[in-house]
Amino acid sequence: MTSPSIVSFGEMLIDFVPDVAGVSLAESGAFIKAPGGAPANVACAITKLGGSCAFIGKVGDDEFGHMLVNILKTNGVNSSGVCFDKEARTALAFVTLKKNGEREFMFYRNPSADMLLKESEINMDLIKKAKIFHYGSISLICEPCRSAHIAAMKSAKSAGILLSYDPNVRLPLWPSPDAARDGIKSIWNEADFIKVSDDEVSFLTKGDASKEEVVLSLWHDKLKLLLVTDGEKGCRYFTKKFKGKVGGYSVKTVDTTGAGDAFVGSFLLSVAKDTSIFENEEKLKEALSFSNACGAICTTKKGAIPALPSESDALALIKSSPK
């Protein structure tokens, strides 16, 4: 098997989504089981678009854990970096879709298998042979996973691999908002490129995400690119040499779960194909327009992985949208 060009690291879990939109968890009569976890969604987004990606993480040695690994395999993701824990369960999350498609989370992790990944269990060779190492912040919340995450980043950095960070703020998982801010920022200055949502900019800076100076307070000198996603409005980009925005696409939103992961997966694939994208504004804008289309399509169906678009889906949306 050839080495995957991208390695995504972190959690994979089961999302339970109410079968009726717009109700609270307590009101819901039934739930639909869906595979989730941002880093796993990103891995599947990449392979759905024809790229090569491996996922590194840990699940329980239980029915759900094996189901999740089978989903990775079915989606063409290299799962050789996934470990099974005999003691801990696969993580669960109950996710409510409110009437506007926005989400509320309730997590079951006490502790879950993904939190117990150890440095000794990580396939570092898989990481060192990739072009991009991608990760979130949930793996930073507690030990031993935090130390494993930092060791994996160091290994990638020393091998000259590009580091991609999508903090993916999930406040209910952190001890407090301040702990979340500190934890997320503790590895901020290591990344080569970072994607944050406008809501995450507001949370991390305690400022107005629409203001450029607020966004740029998150800039650091080693950064090649800072991306801010603005939902249906599209995204903003900042590099050392240029900055701008790329418009989004208008679709009928059903569920926003996984939209950011579809965006990230698409963008990582563009970078893996051509790293000159950071210096070439036209190439960057073209890639971001495609990523915006991927994110938009993902909101038109329930669940994350089942809603991830193919290349032809994204190109069709771009073609049919008014310029």
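Student: Which residues does Asp192 touch, not counting residues up to four places away in sequence?

Tutor: This is a predicted model, where local features need pLDDT of at least 70, side-chain atom pairs count only at pLDDT 80 or more, and totals for chains, interfaces and linings use all residues. Residues are numbered from 1 along each chain as its sequence is written, and side-chain values use heavy atoms, with hydrogens and water left out. Contact here means heavy atoms within 4.5 Å. By that rule, Asp192 touches Lys157, Ile161, Leu162, Leu163, Lys222, Leu223, Lys224 and Leu225.

Student: Asp192 has no salt bridge, so how far away is the nearest side chain of opposite charge?

Tutor: Lys and Arg count as positive, Asp and Glu as negative, while His and the chain ends are not counted. A salt bridge needs a side-chain nitrogen of Lys or Arg within 4 Å of a carboxyl oxygen of Asp or Glu. Asp192 is buried (under 20% relative accessible area; over 50% is exposed, in between partly exposed; 1.4 Å probe, protein chains only). Its nearest opposite charge is on Lys157, at 4.1 Å.

Student: Why is the pair of Phe193 and Phe278 called tilted?

Tutor: Rings of Phe, Tyr and Trp (its six-membered ring) pair if their centres lie within 6.5 Å; planes under 30 degrees apart are stacked, over 60 edge-to-face, and the rest tilted. The centres of Phe193 and Phe278 are 5.2 Å apart, and their planes stand at 50 degrees, so the pair is tilted.

Student: And is Phe193 buried or exposed?

Tutor: Go by the relative accessible area, which is 3% for Phe193. That makes Phe193 buried.
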